[in-house]
Amino acid sequence: MKSPPLGYVRAMDMPDVFRLRANAGPDARVLAGGQSLLPTLAFRLSDPGTLIDITRVDALRGIRLVADGALRVGALTTHAELGRDALVRVRVPVLADAVGLIAHPAIRNRGTIGGSLAYADPAAELPAVCVALDAVVIAVGPAGERRIAARDFLTGLFTTALAGDELIAAVEFRPMPGRRTVIHELARRSGDYAMAGIVLAAGPGTPTHDPRPVFFGVGDRPILATRAAACLAVGGAAALAAAQAALDGDLDPPSDQHGGPAFKRQLARVLLARAVNSLIDARDAR
Amino acid sequence: MAYDVLPGLGQPVRRLEDPRLLTGGGRFTDDVAAPGALHAVFVRSPHAHATLLPADTTDARAMPGVVAVYTAVDTVAAGLGHNPAVVEIKDASGRRHIEPPRLPMAPDKVRHVGEVVAMVVADTLERAKDAAELVEIGYEPLPAVVTGDDAAASGAPRVHAAAPGNVLCDWERGDRAAVDAAFARAAHVSRVRFRSPRILASYLETRSALATWDAAKDQVTLTTPSQGVHVLQRLLCDNILHVPRERLRVVTHDVGGGFGPRLPPYAEQSLVVWAALTLKRAVRWSQDRTEHHLADTHARDLIAEASLALDADGRFLAIKVDSIANFGAFVSTVNPTIPTGGMAKVLTSLYDIPAAHIAMRCVFSNTAPVDAFRGAGKPETLVFVEHLVDKAARETGRDPIALRRLNFVRADAFPYRTALGYRYDSGDFARLMDEALRVGDHSGFATRRAASIARGRLRGFGVAGHLHGSGGWGDETSIVTVGADGTIEARTGTQSQGQGHATVYAQVLAASLGVPVERIRIVQGDSDRIPRGGGTGGSSSMIISGTTMKRAADVVIAAAKDRAADLLEAAAADLVYDDGAFTIVGTDRRIGLFEIAARAGAIEGRADFADTVETWPTGVATCEVEIDPETGSVAVARFDAAVDVGTVVNPLLLAGQLHGGYATGLGQALMESAVYDRESGQLLAATLMDYALPRADDTPLFGHAIASTPSPNNALGIKGVGELPTNGAAAAILNAVMDALAPLGVVDLQLPLTPHRVWQALQAARRPS
């Protein structure tokens, strides 16, 4: 082990989680897939004192339809499970599409949707999908459950609306008949975090109906491009160019290792065009 | 013809070592069990440049399981010495390069991030790591300088008091007057400014060292991945530890990649051995990936302004280079001759250029030391030389392929002496070009370009001449022993790092002795069992060990002959050796080599290297790229080459060497960059999250054609191939990218060709000026 000395406890159910967390103190971290947490331990960049393993908590598992027709995806659902689940494929196919863009198989086998949302990396795929689909994050704490819209859940760079004693129980995707969603990203190499990415949901009907373009990798969190969406909704031959131009007002990308703001804006314009075109192509193909 | 020297060579024998390696039989340093061994962890400088204050190790020493904590105070008291360069360069006045002390731990200052400042030895790795966090090192940070041009600028922070202006050598080569005269009468001059990114070795197996203590022998055995045990043993014993060589045995088992940076002795190896000698206990250390990035030698950090003079017919008249080579914080083992001699060897590429001159300022900076990495000064040189040739073609309205053909060294000109004094041994460059264009399907490019354009993409075709001048130390004694048990053991001082020596050496011996390759076992990497050896580096192992083993095999046959005569009760003069046995001429009476050994005892043959290490493998590479003009992303769609590699020993291993070398060059061209922050001196590529290596889907299917001329420089006609492909790959890729972008107005591009950089270049070209 490369990590600093730490305690490890395993929770078997939710009351266990809350009890162990209360005992372990504020620095303790919840361990799910561990794909972001364990490297920080290996580099000794974090020193949580105690890890609380939640992977045996059944209440956090499973993919099922709930009363109002929404698809409830348990927080411990791994990317690999998400990618091969039949219900997901039918109800929210873009989730499965997104999985193909996440890192590599070894990481998809361990990483979880709850972990991805809680970590809140601004270049990650699943948080952007959740915002584009207006998903609801179900947080659970000792006081009970709290439903938080994904766009309100992601509050900034690696930060969320979770309270200190809460964790993510599940994510719910409500049914949206006739609506289609695509995901595109531009990455340096296969499996890398995206230089920039887009999730575009629209419909029912034409891609100009209630378009919801959400960008990732170009801000401190997934960004819903409202100005561009308004331009797309106008429709017509000039809509795309207007929407691309409007991105300048929607996005204020920071520089990163891939390039500066001007380059990021360019990638966002390209992605918007490619996403719109693939929605049109998909419609034509039906 | 050298081709006929050993008719058995050239078979596509599958690697003899693979069944063992693929079934978990590999034995790398970390696989070696050492019960009770202590674990070492190194504390490294977080500062690029700082004065060291007294260290406080009290708390660390008090931690459970900690056996020792050492700092420079201890190693200076013990007299640990300088880790020297083993080659030297001189300036025009004959003054040797400046080489400040490079101690295992610096007593006064740290000069790059990652430099070792303390060593913690404990009973477990975890306890050593925990204690390492408690070592208190005081630093007074100093301004740092990380790039070559910043280091050479006036007023730059000084890295070593002994090197004013940070210059360790103002190196020159060539005839400046002749070059100036040629430029004065040139019809056209083309110029490029080039910055080669710094790159990392990224071997799969990080470095490690295990020092075990033998009380009875009063000897330490250092097991460590290396490119040769003898160089390590010599420098560790004679220069750094000051112990007799009998007290240090150096062993290397399997090695997961070398490429050059595995050759130098490093501080960690000497400190682990010293700790074992001091504590009289086994001590081991294994590097993590970030330590590899921070503290192993880096490569290629070069700035060059180059010019090529042409006459009115397009003939090259002269080439000149003004250059800055960033050596990093210290002079590493062989680096004095890497950017310098490496550039000089290939500056004239495949062309007949009558005059050439290099002025190179070699400078220190607050970065990890730079040293040889696959290609060793040549890939970066060929990038700007071949770019320059393309640029000259564009500027003078010539076809780049025709311009190359016009200027190729002619096939009847060998041996050819270059303007910088090297002697190309053999070649046929026109044929190489023909074969390269054929294997690269140049004639189909226009169709493929049209298809790319139809999809909104740009497509470019690039060619690059390239070559290598094999180097290294021929300090080789090969010992071939035919055992009574029916096997042959061959001992050699070169060292495989994964490239398949056990197979190709066995092929040479099998061809020499007429026995099956499966009977032959190659022994390497043990300073006790192998009398001497120069190790592996410079693409010369096949030349050095291959030719010497052939000689040793001839000694074996000569030695076996008398015994065969006794056993057959015949006159030695009547015996002929063929197909693994002696036969009495004119009869069917024969005795096999193994039977002789079984009946009359083991037969040993020894030989020393007696050929020339230098050979000149050459190639012409072709590359096609597809570029997304909207995002700047570059995909290598095709990459092929024609190569002159002399005698081919094994076409499968040749293909493997070529593919690996092309992939290495592709990484350098498109993505690899070990960049330091200019202000803080921090390495911004400390992990593989920040340092991009090519993945399988970044590389095309590589093709090659062989168009060999045997080298007259050694008995087997072999040319060293390990570095050749790396030398030309980045150049061909840059030329392909420029072929696609130049029509849009892009004039120059720097490596790596990241999407951002390519897009920016397109933007700048489109902007009305």
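**Exercise 1.** What percentage of the 769 residues of chain B count as buried?

*Solution.* The model is predicted. Set the cut-off first: buried means under 20% relative accessible area. Apply it to chain B. Of its 769 residues, 62% count as buried. Now turn to the surface. The accessible surface of chain B is about 27000 Å². Carbon and sulfur atoms contribute 51% of that area.

**Exercise 2.** Describe the fold content and overall dimensions of chain B.

*Solution.* Start with secondary structure. Chain B has 20 helices and 28 strands. Next, compare the radius of gyration with the globule rule. The radius of gyration of chain B is 27 Å, and the rule gives 27 Å for 769 residues, so the chain is as compact as a globular protein of that length. Then take the extents. The C-alpha trace of chain B spans about 90 × 80 × 55 Å along its principal axes. Finish with contacts, counting those with a separation of 6 or more. Of these contacts in chain B, 80% join residues 24 or more positions apart.

**Exercise 3.** Find the cavities and characterise the lining of the largest one.

*Solution.* Rolling a probe the size of a water molecule over the atoms shows where empty space is left. Count the cavities of 30 Å³ or more: the structure holds three. Take the largest cavity, with a volume of about 90 Å³. It is lined by 14 residues. Closest to its centre are R300(B), D301(B), P339(B), V370(B) and E380(B). Sort the lining by class: seven residues are nonpolar, three are polar and four are charged.

Conventions. Residues numbered from 1 in each chain as written. Chains lettered and ligands numbered in written order. Predicted model: local features only at pLDDT ≥ 70, side-chain atom pairs only at ≥ 80, totals over all residues. Heavy atoms only, no water. 1 Å grid on protein atoms, 1.4 Å probe; cavity = no way out; pocket = protein on both sides within 12 Å on 5 of 7 lines; lining within 4 Å. Points joined across faces, edges and corners; volume = space filled by probe spheres on them. Nonpolar A, V, L, I, M, F, W, Y, C, P; charged D, E, K, R; others polar. Helix = DSSP H or I, 4+ residues; strand = E, 2+ residues; numbered from the N terminus. Rg over C-alpha atoms; globule rule 2.2 N^0.38 Å. Buried < 20%, exposed > 50% of the residue type's maximum accessible area, 1.4 Å probe, protein only. Contact = heavy atoms within 4.5 Å. Areas by Shrake-Rupley, 256 points an atom, 1.4 Å probe, with all protein chains shown as cover.
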